[in-house]
Amino acid sequence: MGAEQQIAFFLRELADGDIWRRAAAVKGLGRVGREEHAWALVGSADDRAPEVREAVAVGLGRLGVAEAGRAVLPALMGDEDPWVRRRASRAAIRLGLDDPEIVESFSTLLRDPDHHLRINGLDGLRALDVPGDVPALVALLGDPEGAVWGRARSLVYRFRDDPAVSAEVVRTAEQGAGDARVQALQLLPGHWTERLLDSLVQGLRDDSAKVRSAVAGRLLDVKDAQTQDALVEALDAERSARVADLLMHGLGRRAEERVTGAATRWLGDTAAGPSAAYALGAAGTRAAAGTLRTAVTDPALPGRTRAAAAKAIGQAGRWDAVWLLLPLLDDPDGDVRAGAVEGLEALVDDGLRPWERRSVARALVAHLAADPNTIRQTHNALIGLANALPGLRQIVDRTPSPDVRAAALSLLDTDNATDENTGQDLPRFVHALDDPDETVRFHAVEGLAHWLVATKRLPQNEEQLRARLTALASDTSTAETRAAAEEALEVLDGCRPFSP
């Protein structure tokens, strides 16, 4: 059957067929018909069967006759059947219809119970580059479907300078409910916080934990005393671990002493415990210090919380901090060991007391060699600790671990620490230039370059050393190693002969 015969058959079926035949005829005309047949579809737009009306919408979109679509698609977009509304709205987008009636129809879809139709409404408005029904649009920021609220957020942001959209976003940020209010707060730039201050403080008591979290995040950037009081009160009343975690971390940054009671209560919570420990350390009260002393050895607490307590003890720097942390380097929980190392690092950075240095250095050097899971943290804690250098030299000479060897070698670098035996480290750097591990070679080259800068002495085996560095500067080593080798070669040119 040719195309003309098919078209004639479909036209007869439109007039005389049953529901399924009429629907099939409409679909057929949509596939093989010409522009003039779009008006035959228009005549079936009020068919009593939703299957036919749906097929009409699809066909009009395919035939591409805007005038025909304009005649019936607005009505079909408001059809009682959701599938008809879906097909009609997609057809309107496909035809590029932009009449006020179409814009109104897309806006109406923003409130449709079918989330696919809310998506179509948003897609249609975006295609027309208009915000449509602004209250309905902004309300979709709280839609449970990610595909809906994501499109709504994009459209709101696109029209953020439109006065009506801006005003509705502000109203929602002040008075909105749930996720819509959260999204509105996120869309408003920071300078709006002062204007929203009263509503934000009230939001600390909102029924939604997400809202409380969002307003707390804003208020933690406000420095006035009244806001701080409100945040402390909110923490005392908070029952959500997520919100309490945010409040304790923010108030801890301010070293707020009044968090001690609430932080102590949250210490046992798996999610909020680490922030509670941090807040207690920052508070620095006697009660907080006592709680942390107990917490680091409490087996009932999660390892992450005990680790945070150990780090907080180090950051607080009280007189007994070193002696509380050193035993934790042997704790069976890896998180706790890492927390103890970070606590000791804070103490080293702040300056250990003379009688603490040897014990800390000995313990950290032993830990560097013994715990492969905390090499990075232990390395950082040892930076600048000259008492550790004798032990680090032994590690460089003896350890079978390339990671530990690289860490120890980097700590012999004159940029990190020096002692009376620093001049004797040259053979270690030279020997490590041939290490099979790339990271070890890099730290050997870098340490050698810094050693030469610090001592200004030319090694006795200068030619051999220069040849090795030249090879490293041009071989398959990493770019960092090649750059360090080139630096060392430049330094060699300015050195004086080496005298043992």
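**Figure 1. Overall dimensions of the predicted chain.** The radius of gyration of the chain is 36 Å, whereas a compact globule of 500 residues would have one near 23 Å. The model is predicted. Along the principal axes, the C-alpha atoms fill a box of roughly 110 × 60 × 40 Å. The chain contains 30 helices and two strands. Of its 500 residues, 51% are buried. When contacts between residues at least 6 apart in sequence are considered, 62% join residues at least 24 apart.

**Figure 2. The largest nonpolar core and Leu392.** The largest nonpolar core comprises 153 residues, and Leu73 and Leu392 have the most contacts inside it. Helix α28 (residues 438-455) contributes the largest share of this core, eight residues. In soluble globular proteins, nonpolar side chains tend to be buried together. Beyond residues up to four places away in sequence, Leu392 touches Val365, Leu368, Leu382, Ala408, Leu411 and Leu412.

Figure 3. Helix α6 spans residues 82-95, 14 residues in total, and extends 20 Å from its first C-alpha to its last, close to the 20 Å expected at 1.5 Å a residue. The N-terminal end of α6 is capped by Asp81, which places a side-chain oxygen 2.9 Å from the backbone nitrogen of Trp83. Following α6 is Gly96, with a positive phi near 70°. Val84, Arg85, Arg86, Ala88, Ser89, Ala91, Ala92 and Leu95 are the buried residues of α6. The cover over these buried residues includes α4 (50-63), α5 (66-77), α7 (100-109) and α8 (115-128).

Figure 4. At the start of α22, the backbone nitrogen of Asp335 has a side-chain oxygen of Asp333 within 2.8 Å. Just after α22, Gly351 adopts a positive phi of about 100°. The buried residues of α22 are Val336, Arg337, Ala338, Gly339, Ala340, Val341, Gly343, Leu344, Ala346, Leu347 and Val348. These buried residues pack against α20 (303-316), α21 (321-325), α23 (354-370) and α24 (375-382).

**Figure 5. Glu256, a buried loop residue.** Glu256 lies in the loop between α16 (241-253) and α17 (260-266). Glu256 counts as buried because its relative accessibility is 8%, and the cut-off for burial is under 20%. The side chains of Glu256 and Gln228 make a polar contact at 2.6 Å. With residues up to four places away in sequence left out, Glu256 touches Gln228, Val232, Leu251 and Ala283.

**Figure 6. Trp319, an exposed loop residue.** Trp319 is located in the loop between α20 and α21. Trp319 counts as exposed because its relative accessibility is 62%, and the cut-off for exposure is over 50%. With residues up to four places away in sequence left out, Trp319 touches Arg293, Arg353 and Glu356. Trp319 and Arg353 are separated by 34 residues in sequence, and their C-alpha atoms are 9.4 Å apart in space.

Technical notes. Residues numbered from 1 in each chain as written. Predicted model: local features only at pLDDT ≥ 70, side-chain atom pairs only at ≥ 80, totals over all residues. Heavy atoms only, no water. Helix = DSSP H or I, 4+ residues; strand = E, 2+ residues; numbered from the N terminus. Expected span 1.5 Å × (residues − 1). Buried < 20%, exposed > 50% of the residue type's maximum accessible area, 1.4 Å probe, protein only. Contact = heavy atoms within 4.5 Å. Polar contact = N/O pair within 3.5 Å; in protein donor to acceptor, adjacent residues only side chain to side chain. Core = buried A, V, L, I, M, F, W, Y, C linked by side-chain atoms within 4.5 Å. Rg over C-alpha atoms; globule rule 2.2 N^0.38 Å.
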